[in-house]
Amino acid sequence: MKIGSISGLTYRVSDLDKTAAFYEALGFRPGKRDDQQATCYVNWFWLTFTTADDDAGAAIAPGSGPTLYLKVDDIDEAHAAVLAAGFTPSTEPHKVRAGRREFLLLDPDGHRLAFFTK
């Protein structure tokens, strides 16, 4: 088997309007939307936000899930832009063990976004 690419993620959220506004303020392009789901894009990668339980009927807690890593050209400029948009990052830009510089920002439901540069 050969995997062609990683295309997107789905996150459980409590408020679609608040979540969509947050991601659009960060520069994500809005996509398809209905009463229970909203999708945003960066290039071809999609993030779908849902207020519904998963397809098997299991409730998924908002804020649970993986960290989304967002590569930026200039970490200090990205940090300043996040602050200018009125958001409060969880950390300042700092060097991590892997050698990259990054800072963390939580979305309205507590999903972790790691902005990074190499």
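What share of the 118 residues of the protein counts as buried? The figure is 36%, where buried means under 20% relative accessible area, exposed over 50% and partly exposed in between (1.4 Å probe, protein chains only).

This is a predicted model: local features need pLDDT of at least 70, side-chain atom pairs count only at pLDDT 80 or more, and totals for chains, interfaces and linings use all residues. Residues are numbered from 1 along each chain as its sequence is written, and side-chain values use heavy atoms, with hydrogens and water left out.

**Whole chain**

Colour by secondary structure. The protein has two helices and eight strands; helices (H or I, at least four residues) and strands (E, at least two) are DSSP runs, numbered from the N terminus. Their order from the N terminus is β-α-β-β-β-β-α-β-β-β.

**The four-stranded sheet**

Select β1 to β4. They form an open sheet in the order β1-β4-β3-β2, with mixed pairing; two strands pair if DSSP finds at least two bridges between them. Strands of a sheet pair through backbone hydrogen bonds, either parallel or antiparallel. The edges are β1 (8–12) and β2 (29–33), and each pairs on one side only. From one strand to the next, the twist averages 25 degrees.

Zoom in on β1 and β4 (residues 45–50). These two run parallel, joined by five bridges. L9 stands opposite L47 in β4.

Next, select helix α1, residues 16–25. The helix lies across β1, β2, β3 (37–42) and β4. It runs at about 155 degrees to β4; axes are lines fitted to C-alpha atoms, for helices over the stretch in contact, and angles run from 0 to 180 degrees between N-to-C directions.

**A stop at N43**

Where is N43? It sits in the loop between β3 and β4. Most residues other than glycine have a negative phi. N43 has a positive one, near 55 degrees. Is N43 buried or exposed? It counts as exposed, because its relative accessibility is 66%.

**The hairpins**

Move to β6 (residues 94–95) and β7 (residues 101–106). They pair in the antiparallel sense over two bridges, and K95 stands opposite R101 in β7. Five residues lie between the two strands of this hairpin. Pick G99 in the turn: its phi is positive, about 100 degrees.

Carry on to β8, residues 112–117. β7 and β8 pair in the antiparallel sense over six bridges.

**The largest pocket**

Finish with a surface view. The largest pocket has a volume of about 390 Å³. On a 1 Å grid over the protein atoms alone, a pocket is an open set of points where a 1.4 Å probe fits, with protein on both sides within 12 Å along at least five of seven lines. The volume is the space filled by probe spheres set on the points, which are joined across faces, edges and corners.

Select F28, V42, L70, K71 and V72. Of the 18 lining residues, these are the closest to the pocket's centre; lining residues have an atom within 4 Å of a point. β5 (68–71) and α2 (75–84) are the elements that give two or more residues to the lining. The largest share, four residues, comes from β5.

Last, colour the lining by class. It has 15 nonpolar, two polar and one charged residues. Ala, Val, Leu, Ile, Met, Phe, Trp, Tyr, Cys and Pro count as nonpolar, Asp, Glu, Lys and Arg as charged, and the others, Gly among them, as polar.

How values were computed: Contact means heavy atoms within 4.5 Å.
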